[in-house]
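Biologist: I would like to learn how to read a structure like this one, feature by feature. Could we look at it together first?

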Amino acid sequence: MSATLQHRRPGTEAPRLPDAVQQDWHGETYHGRPAVKASSFDWRVSTYIVILGVAGSAQLIAALARRAGPEARGLVRRARLLALGGSMVGPLVLVQHLKTPSRWFNMLRIVRPTSPMSLGSWLLTGFGLLSGLSALGELLGRRWRFARRVGDAAQGPAALAGAGMSVYTAALLSSTSTPLWAAAPAPLAAQFGTSSMAGAASALALMQRAAGEERSARRLEALATLALAAEWLAGREAERRWRRAGIAAPIERGTTGALHHGGGKALGVVAPLAAHGLGRVVGGRVGPLLPELASLAVLLGGAAMRHAVLRAGNESACRPQDAFRVTQGARR
Amino acid sequence: MAGGLAHPRTLEYTDRDPQGPVPQEAELTAGHRVESGRSYGFFTDTTLCIGCKACEVACKEWNNLPADQPGLTGQSYDNTGRLGAHSWRHVTFLERGARATSMPPFQSNWLMMSDVCKHCDPAPCLEACPTGALFRTEFDTVVVQQDICNGCGYCVPACPFGVVELAKEDGKAHKCTLCYDRLKGGLEPACAKSCPTDSIQFGPVEALQQRAAARVEELEAQGQTAAYLYGTPGGPGATGGIRRLNAFFLLTDRPERYNLPPAPSRPSRNARPSFLAGLATMAGLAVAAALIGVGRR
């Protein structure tokens, strides 16, 4: 099998070169220099991805919990406030990542349908406003009935925007020429979405336990368990694609690999799955500490997973052999 | 004119300052007028490049770009290293083995190419820019508006060729403007005008493409059968949703040797499958949450 065939992804077409030119790529690079440039996205961006993912999924949980009626009032309230908190803190962190933070509002100069960052900026704005309205219903609803009605009316749209917030960041990373991010657009979004939902369910489970609503917390932990199982599958699919494309090294080796395997997978998925599983088997006797630790691990692991993906992407952009591997052929 | 420094055609404009620029000077230096509404670009013929770096110097001089790579790389004569915020032309050097004795005299067998922003159509950096700082000019070129850019840096990983970069000094994205200011004044871009061998040619893209196709045939007739165009419609470089590169190249070896991807893709094509897969995941999780009975005691 020739090198070109090995490297070219299925469903892609290689451009024709003259016969006198070497037909197969044997791994040549230009003095080993990077072929594309790495992003400037750092821990501030991965923090934002985590915070807004949790906030977005919290709105989804709030909308679903509200259907359970008055018994879910506490959960709905906490979910809405969590979403509001996230949509206030997240953008502040994100704006700090801009090289000219004072021009953050230029994000709202235009709507660019081809740019997930442009659409994401508008989505974030809408989500923030809707989260504010839904929280307003909680804060002023008792004294002012109109506020409650506004808050409830905002809940549906807030949940939809929240679903978008949980996943759009993956679409943003995938829509670049960074080999690692661009090679797995769908699995990455599924991974970010499931991690966001697991994080929101875990954060709310912690809050429910603190409020003494243990049974509600257990349902949230069950949701987190399910989301983690799905995250495991999505993560496996992403890894499979990276390996098949021959560009998995940055996320498997070195510090980033340790963060990915130790933080994102072991701490963020395997440990909480085991803890929650044990809790299921043993029942009530397991006590509150184990599920609480598991919830904390989900949140920390989710952050580690996002940060590992971000770092590995930036590293893969600096590897010309990776950039050339994924550009041997292109879809029409 | 004392010293004969002014162009003879200034005499046609005696009512103007004779030291000032000649209107539509590009017609004299490049053979093409610069008119808004037409597509302009570069045809960089690497078989003519002698690696003099006059283009790099002219670019830095005209655009007031600071020297940012004072060291030596040890990579042939390439001490610029890469395109970046302050290097909008970059001459690549590849010393291809020993000179083949079967070659005609006065040929080195080296590959040299003056790399530049490709001014893609459609342009991934422009498609990524959330502020509208990156825009398409009346000359069909792609330019960053420095007073709009807020340094989000999304155009940097979006570019399939690693061209755009944030400057450390001001945190804004910078890249080749195809001398937007010169085009406005009817001047040929600085790099093309300074190129002593006409390896860099400036003109309307369609005219350049025709000229380039003819050049490939001419080279073939001369025995250089490895010549091909990178960035013309349907060819390497113009793949994956990128229709054409307004700054295209004539190469004689695999694109990777010049640090170019053989089949780049328009990255924004990944957004829809990613976003839809994510939303489907969230819908599935919402159904699961409803079945679990989240909210119930």
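Biologist: Let me begin with a helix: what covers the buried residues of H7(B)?

Modeller: Before the answer, please keep in mind that this is a predicted model, in which local features need pLDDT of at least 70 and side-chain atom pairs count only at pLDDT 80 or more, whereas totals for chains, interfaces and linings use all residues. Residues are numbered from 1 along each chain as its sequence is written, chains are lettered from A and ligands numbered from 1 in the order in which they are written, and side-chain values use heavy atoms, with hydrogens and water left out. Helices (H or I, at least four residues) and strands (E, at least two) are DSSP runs numbered from the N terminus, contact means heavy atoms within 4.5 Å, and buried means under 20% relative accessible area, exposed over 50% and partly exposed in between, with a 1.4 Å probe and protein chains only. In this case the cover of the buried residues of H7(B) includes E1, strand E9 (200-204), E10, strand E11 (244-245) and E12 of chain B.

Biologist: Which residues of H7(B) are buried, and why do they line one face of the helix?

Modeller: In general, an α-helix has 3.6 residues a turn, so residues three or four places apart point the same way. The buried residues of H7(B) are Val205(B), Leu208(B), Gln209(B), Ala212(B), Arg215(B), Val216(B) and Leu219(B). Seen down the axis of H7(B), they fall within an arc of 120°, so they line one face of the helix; the arc is that of the directions from the helix axis to the C-beta atoms. The face turned away from that buried side carries the exposed residues Gln210(B), Glu217(B) and Ala221(B), and H7(B) is followed by Gly223(B), whose phi is positive, near 105°.

Biologist: Turning to E12(B), which strands are joined to it by bridges, and do they run parallel or antiparallel?

Modeller: Two strands pair if DSSP finds at least two bridges between them. Strand E1 (residues 40-45) of chain B runs parallel to E12(B) and is joined to it by four bridges, with Phe42(B) standing opposite Ala247(B). Strand E10 (residues 228-230) of chain B runs antiparallel to E12(B), through three bridges, and there Tyr228(B) has Leu251(B) as its bridge partner.

Biologist: How many residues of E12(B) are buried?

Modeller: Five of the five residues of E12(B), which spans 247-251, are buried. Ala247(B), Phe249(B) and Leu251(B) point one way from the strand, while Phe248(B) and Leu250(B) point the other way.

Biologist: Where does UniProt place the feature "binding site" in chain B?

Modeller: UniProt positions are given in the numbering used here, feature names are shortened, and annotations may be inferred rather than shown by experiment. The unreviewed entry places this feature at Cys129(B), Cys149(B), Cys152(B) and Cys155(B). They span 27 residues in sequence, yet no two of their C-alpha atoms are more than 10.5 Å apart, so they gather at one spot.

Biologist: What does Cys129(B) touch, and is Cys129(B) buried or exposed?

Modeller: Cys129(B) counts as buried, at 7% relative accessibility, and, not counting residues up to four places away in sequence, touches Ile110(A), Arg112(A), Ser115(A) and Leu134(B). Cys152(B), with a relative accessible area of 6%, is buried; under that sequence exclusion, the residues that Cys152(B) touches include Ser40(A), Phe41(A), His97(A) and Pro130(B).
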